[in-house]
Amino acid sequence: MITGMHAIVFSPDAVRVREFFADVLNLRSVDAGGGWLIFALPPAELAVHPASGDARHELYLMCDDIQATLAELRAKGVEVARDVTDQGWGLLAAIRLPDGGEFPIYQPRHPSPRPDQGGSAASRRSPA
(Lines give C-alpha, C1' and ligand atoms only; values in the text may rest on other atoms or scores of the structure.)
Protein backbone atom coordinates (compact mmCIF):
# COMPACT_ATOMS: atom_id res chain seq x y z
CA MET A 1 0.00 0.00 0.00
CA ILE A 2 1.24 3.51 -0.79
CA THR A 3 2.02 5.40 2.42
CA GLY A 4 3.33 8.69 1.08
CA MET A 5 5.19 10.53 -1.65
CA HIS A 6 8.91 11.29 -1.76
CA ALA A 7 9.73 14.14 -4.14
CA ILE A 8 13.25 15.22 -5.10
CA VAL A 9 14.45 18.68 -6.11
CA PHE A 10 17.78 18.49 -7.96
CA SER A 11 19.91 21.61 -7.66
CA PRO A 12 23.45 22.70 -8.54
CA ASP A 13 23.39 24.56 -5.19
CA ALA A 14 21.67 21.99 -2.97
CA VAL A 15 23.02 23.46 0.28
CA ARG A 16 21.44 26.88 -0.33
CA VAL A 17 18.16 25.37 -1.54
CA ARG A 18 18.01 23.16 1.58
CA GLU A 19 18.59 26.25 3.75
CA PHE A 20 15.81 28.04 1.85
CA PHE A 21 13.36 25.19 2.47
CA ALA A 22 14.29 25.12 6.18
CA ASP A 23 14.68 28.82 6.97
CA VAL A 24 12.31 30.55 4.55
CA LEU A 25 9.59 27.97 3.89
CA ASN A 26 9.87 26.67 7.50
CA LEU A 27 9.72 23.02 6.49
CA ARG A 28 10.70 20.58 9.25
CA SER A 29 13.47 18.15 8.33
CA VAL A 30 15.61 15.29 9.50
CA ASP A 31 19.22 14.70 8.60
CA ALA A 32 19.48 11.35 6.83
CA GLY A 33 23.26 11.54 7.25
CA GLY A 34 25.97 13.78 5.92
CA GLY A 35 23.73 16.83 5.69
CA TRP A 36 21.18 15.13 3.42
CA LEU A 37 18.02 16.75 4.74
CA ILE A 38 14.65 15.18 4.11
CA PHE A 39 11.81 17.66 4.56
CA ALA A 40 8.34 16.97 5.87
CA LEU A 41 5.69 18.21 3.49
CA PRO A 42 2.10 19.20 4.05
CA PRO A 43 -0.59 16.88 2.69
CA ALA A 44 -0.26 16.34 -1.04
CA GLU A 45 -2.33 15.59 -4.10
CA LEU A 46 -1.36 13.79 -7.30
CA ALA A 47 -2.99 14.42 -10.68
CA VAL A 48 -2.39 12.65 -14.00
CA HIS A 49 -2.77 14.84 -17.09
CA PRO A 50 -2.63 13.77 -20.73
CA ALA A 51 0.60 14.69 -22.52
CA SER A 52 1.65 14.90 -26.11
CA GLY A 53 5.18 13.63 -26.53
CA ASP A 54 7.31 12.38 -23.67
CA ALA A 55 5.99 11.88 -20.15
CA ARG A 56 7.12 14.44 -17.58
CA HIS A 57 6.51 15.22 -13.93
CA GLU A 58 6.01 18.58 -12.23
CA LEU A 59 6.09 19.70 -8.62
CA TYR A 60 4.02 22.61 -7.25
CA LEU A 61 3.67 24.19 -3.83
CA MET A 62 0.05 24.82 -2.80
CA CYS A 63 -1.42 27.52 -0.57
CA ASP A 64 -4.82 28.78 0.59
CA ASP A 65 -4.21 32.47 -0.21
CA ILE A 66 -1.59 33.12 -2.88
CA GLN A 67 -1.48 36.89 -2.40
CA ALA A 68 -0.88 36.58 1.36
CA THR A 69 1.64 33.78 0.86
CA LEU A 70 3.61 35.73 -1.74
CA ALA A 71 3.57 38.83 0.48
CA GLU A 72 4.94 36.78 3.38
CA LEU A 73 7.65 35.28 1.18
CA ARG A 74 8.59 38.68 -0.28
CA ALA A 75 8.96 39.99 3.29
CA LYS A 76 11.53 37.21 3.81
CA GLY A 77 13.44 38.35 0.72
CA VAL A 78 12.07 35.78 -1.73
CA GLU A 79 11.85 36.90 -5.36
CA VAL A 80 8.59 36.21 -7.15
CA ALA A 81 9.77 34.83 -10.50
CA ARG A 82 6.35 34.80 -12.16
CA ASP A 83 3.44 36.97 -11.05
CA VAL A 84 0.02 35.50 -10.35
CA THR A 85 -2.02 34.41 -13.36
CA ASP A 86 -5.53 33.03 -13.34
CA GLN A 87 -5.50 29.56 -14.87
CA GLY A 88 -9.17 28.81 -14.21
CA TRP A 89 -8.30 25.77 -12.07
CA GLY A 90 -6.29 28.04 -9.75
CA LEU A 91 -4.10 31.10 -9.31
CA LEU A 92 -0.54 30.31 -10.39
CA ALA A 93 2.79 32.05 -9.70
CA ALA A 94 6.40 30.98 -9.16
CA ILE A 95 9.09 31.86 -6.64
CA ARG A 96 12.83 31.96 -7.28
CA LEU A 97 15.02 29.41 -5.51
CA PRO A 98 18.53 30.42 -4.36
CA ASP A 99 20.04 28.44 -7.28
CA GLY A 100 18.08 30.57 -9.78
CA GLY A 101 15.46 27.94 -10.51
CA GLU A 102 11.73 28.61 -10.38
CA PHE A 103 9.35 26.78 -8.08
CA PRO A 104 5.65 27.07 -9.06
CA ILE A 105 3.10 27.82 -6.35
CA TYR A 106 -0.65 27.96 -6.69
CA GLN A 107 -3.93 28.51 -4.92
CA PRO A 108 -6.24 25.76 -6.18
CA ARG A 109 -9.83 26.29 -7.19
CA HIS A 110 -10.42 22.66 -8.11
CA PRO A 111 -12.01 20.17 -5.71
CA SER A 112 -9.57 18.34 -3.49
CA PRO A 113 -9.66 14.68 -2.45
CA ARG A 114 -7.88 15.57 0.81
CA PRO A 115 -10.12 15.19 3.88
CA ASP A 116 -8.69 18.43 5.33
CA GLN A 117 -9.95 20.22 2.19
CA GLY A 118 -13.50 18.85 2.15
CA GLY A 119 -12.90 15.53 0.40
CA SER A 120 -14.63 12.54 1.91
CA ALA A 121 -14.30 8.78 1.82
CA ALA A 122 -17.41 8.70 -0.38
CA SER A 123 -15.67 10.85 -2.99
CA ARG A 124 -12.72 8.45 -3.30
CA ARG A 125 -12.61 6.08 -6.24
CA SER A 126 -11.01 2.69 -6.24
CA PRO A 127 -8.86 1.69 -9.20
CA ALA A 128 -10.85 -0.17 -11.84
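Analyst: The largest nonpolar core has 19 residues, and those with the most contacts inside it are Phe20, Phe21, Ile66, Leu70, Ile95 and Ile105. A nonpolar core here is a set of buried Ala, Val, Leu, Ile, Met, Phe, Trp, Tyr and Cys residues joined through side-chain atoms within 4.5 Å; buried means under 20% relative accessible area, exposed over 50%, and partly exposed in between, with a 1.4 Å probe and protein chains only. At least two residues of this core come from each of α1, α2, β5 and β6, and the largest share, 4 residues, is supplied by α1. Helices (H or I, at least four residues) and strands (E, at least two) are DSSP runs, numbered from the N terminus. In soluble globular proteins, nonpolar side chains tend to be buried together.

The model is predicted: local features need pLDDT of at least 70 and side-chain atom pairs count only at pLDDT 80 or more, while totals for chains, interfaces and linings use all residues. Residues are numbered from 1 along each chain as its sequence is written, and side-chain values use heavy atoms, with hydrogens and water left out.

The chain contains 2 helices and 6 strands, which follow the order α-β-β-β-α-β-β-β from the N terminus on. Of its 128 residues, 23% count as buried. Among contacts (heavy atoms within 4.5 Å) between residues at least 6 apart in sequence, 42% join residues at least 24 apart.

Just after α1, asparagine 26 has a positive phi of about 60°.

Arginine 18 lies within helix α1, which covers residues 14–24. Arginine 18 is buried but has no salt bridge, and the nearest side chain of opposite charge, aspartate 31, is 8.2 Å away. Here Lys and Arg count as positive and Asp and Glu as negative, while His and the chain ends are not counted. A salt bridge is a side-chain nitrogen of Lys or Arg within 4 Å of a carboxyl oxygen of Asp or Glu. Leaving aside residues up to four places away in sequence, arginine 18 touches Gly35, Trp36, Leu37 and Phe39.

Elsewhere, charged side chains do pair, and the structure holds 7 salt bridges. Arginine 16 forms one with aspartate 13, with the closest N and O atoms 3.1 Å apart; arginine 16 is partly exposed at a relative accessible area of 42%, and aspartate 13 is partly exposed at 23%. Another salt bridge joins aspartate 86 and arginine 109 at 2.7 Å, N to O. Because aspartate 86 lies in strand β4 (residues 80–86) and arginine 109 in the segment after β6, this pair ties together parts that are 23 residues apart in sequence. Arginine 109 counts as partly exposed, at 45% relative accessibility. Salt bridges that share partners also join Glu79, Arg82, Arg96 and Glu102 into one network.
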